[in-house]
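Here is a short report on the fold, surface and packing of one chain. The sequence and the model come first.

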Amino acid sequence: MIAARQENLRTQVVVGEENMMTQTKREPFNAGEFSSRKLMELVSGERDGDRLTLDQEALDAVVSELASRRHYLRELRDRGLLAPRAS
């Protein structure tokens, strides 16, 4: 009886650790997989009224992707995320 309880507890702990590992594992952010409009929503945090937060690495990837596509350049400059144009 005691051995069965210990085995059950050990199984719960192992399953709990597997769930925790699954929950903390994240796919790397790939800005190229999103449309320009969605990327700009991420930058502005205007998605469904929610405030979205990006870490610095993801924000840099979004800005770089939009700049390479030559989309939303004025908006990015207005937000101070791109250097002003040289005259």
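Contacts between residues 24 or more positions apart make up 53% of the chain's contacts with a separation of 6 or more. The model behind this value is predicted.

The secondary structure consists of four helices and zero strands. Read from the N terminus, the order is α-α-α-α.

Burial and surface come next. The chain has 87 residues, and 18% of them are buried.

How do α2 and α3 pack? Helix α2 covers residues 36-44, and helix α3 covers residues 56-69. Their axes come within 10 Å and cross at roughly 140 degrees. Angles over 145 degrees would count as roughly antiparallel; α2 and α3 are therefore oblique to each other. The crossing of α2 past α3 is left-handed. On the α2 side, Ser36, Leu39, Met40 and Val43 make the contact. On the α3 side, Leu59, Val62, Glu65, Leu66 and Arg69 take part.

How many aromatic pairs are there? The count is one aromatic pair. Phe29 and Phe34 form this pair, and the pair is stacked. The ring centres lie 5.6 Å apart, with 25 degrees between the planes.

Definitions and conventions
Residues numbered from 1 in each chain as written. Predicted model: local features only at pLDDT ≥ 70, side-chain atom pairs only at ≥ 80, totals over all residues. Heavy atoms only, no water. Helix = DSSP H or I, 4+ residues; strand = E, 2+ residues; numbered from the N terminus. Buried < 20%, exposed > 50% of the residue type's maximum accessible area, 1.4 Å probe, protein only. Contact = heavy atoms within 4.5 Å. Phe/Tyr/Trp six-rings, centres within 6.5 Å; stacked < 30°, edge-to-face > 60°. Axes fitted to C-alpha atoms, helices over the stretch in contact; angles between N-to-C directions. Parallel < 35°, antiparallel > 145°, perpendicular 65-115°, else oblique. Left-handed = near helix turned anticlockwise from the far one by under 90°.
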